[in-house]
Amino acid sequence: MAAVRVLHEIQISPYPSLPSQPPQPLAFLDALWLLISQPVERLFFYDFPHPTSHFIDHNLPIFTKSLSLTLHRFYPLAGSIRPSPDSDDQFEIAYEEGDSVAITVAEFIGDDFRNISGHHPRNFKNIRLLVPKLSKSSPSGQFPPISIQITLFSTQGICISFAINHAACDGSGSTQFIRSLAAACRSSEPTLDNISPPFLDRSIIVDTHDIQRKISEKMLQYKGVKEQDSLPASDPNLVSATFTLFKDHILRLKERVKASGAEEGKPSFHLSAFVVTCAYVWRCLVKARAYNKDIQQCYFSCAVDWRSRMRPPIPRNYFGNCLGACMAELNVTELVGKNGTEVAAMEIGKSIDELQGRDVGEVLEATINKYLEVARSRPLTVAGSPKLRVYETDFGWGKPVKVDIASIFETGAISLAESRDEDGGLEIGLVLSEEEMNKFGMNFATDLLDLQLFEGLEALNELIIPCGHQMYFQDQLECVTSLLCYIQRFGIAEVASPDLPPNIKKVQSHTE
């Protein structure tokens, strides 16, 4: 049975020491996350072929020193989020001299590093053991913005995980902090000069339409809906898995979407790797859930970085929340139909285009109103973004073996990141019941077969080696999909199936 053994619990304050700073009211783009979001839990796995004692003696002092320097620049994370004494419904983020961040150092027992950091379906309960626990709010209503856990797999690897309250910052802000910390850890003699300061003034976000009050009223309703529908993280049937769309897959999907749009005479729309990947996954997931006749419409929603969309634009290094949202809607039958991915990509792209020139507060109000109407239909949402470049986070041990977002189980979201192993590919993370994950995986693989095999005889010839003058094709779908999954993961598959002729042994990956 898997478990963690806590070795150290440490509190790290900013260094050089900081005096207390004036509290900053949370902007309305921050405050809405207090009502709807659990902390964002991002896990970074690294190879570390050294014993636990080596990390404690040599690496932990470097990490804690680097963290103290980074917190000097990002001091709000060392403070607390608390109710404002000047308002009944306003919160603020405040740092007082001596405030600190909690670090837990632990050793993992009972599972292999390669297994728990893999792409295949893994027991989610074991992954939760790697996640730091953010303290509950105190009697005065204040709580910490961040907590960190370092989990060691002796002589195998290491996991560094961050739990960051979304009210403190969005993905762009948290990545800015984590990469600054990683850069300091890589330096032989880190100093404050090595750490670029973020833009911390939250007053730059102005609520011109009294959106905060309207959103707060709506989000209290949404919180109630979410609490009724959420599954406990301890559910033994939950598994976590990661799927990859490689660059070639994404290019083919784009071509199909473009061709379908041109055939139907539809105007051009936003078409990116993000859009076609979300459309592909949305269709696979809805098919896996096999919605009954009670649910006829399905919904997709994603956050959109609004820094460059603000008028005037705000600094790219703004540390806080600056996110809008878009929502797409499709009939279930249309989405799971033959051209469902193409139709879904058009709808998602169109919903992003419609954000142009709009006020972020009005966009959020409209999205939340719609979300409340459809919450029972399990809308698909997205955590993370390939633009964050999480695989560039190097603490001195090279690029991560794997990056996961564990908190997606709360909302049923998917996570998105750039592919670790191929420029232009994307990784998709999910946490589902084992039954749903198996169905999703089958849909994901069979639709890739459709993409690669059945667009023409040429694609089929590239995947299956001819046997004399005849083409051998495995009738059992399960065998073919298993083969594709193996090819997708490892590039070349050595096939040893009793159903295949002995002279058909090696299958070259079309993605090479």
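A side-chain polar atom of Asp359 sits 3.0 Å from the backbone nitrogen of Gly361. Asp359 belongs to the loop between helix H10 (340–353) and helix H11 (360–374). Asp359 is partly exposed at 27% relative accessible area; buried means under 20%, exposed over 50%, partly exposed in between (1.4 Å probe, protein chains only). Beyond its neighbours within four places in sequence, Asp359 contacts Thr208, His209 and Trp306 (heavy atoms within 4.5 Å).

This is a predicted model: local features need pLDDT of at least 70, and side-chain atom pairs count only at pLDDT 80 or more, while totals for chains, interfaces and linings use all residues. Residues are numbered from 1 along each chain as its sequence is written, and side-chain values use heavy atoms, without hydrogens and water.

Next, the salt bridges. The structure holds 26 of them, each a side-chain nitrogen of Lys or Arg within 4 Å of a carboxyl oxygen of Asp or Glu.

| Pair | N to O distance |
|---|---|
| Arg82 – Glu92 | 2.7 Å |
| Glu96 – Arg82 | 3.1 Å |
| Arg256 – Asp450 | 3.4 Å |

Arg256 lies in helix H7 and Asp450 in helix H12 (residues 434–453), so their pair ties together parts 194 residues apart in sequence. Asp450 is partly exposed, at 32% relative accessible area.

Arg82, Glu92 and Glu96 form a salt-bridge network. Arg82 is buried at 17% relative accessible area. Glu92 is buried too, at 5%. Glu96 is partly exposed at 40%.

Definitions and conventions. Helices (H or I, at least four residues) and strands (E, at least two) are DSSP runs, numbered from the N terminus. A polar contact is a pair of N or O atoms within 3.5 Å; within protein, one must be able to donate a hydrogen and the other to accept it, and residues adjacent in sequence count only if both atoms are side-chain atoms.
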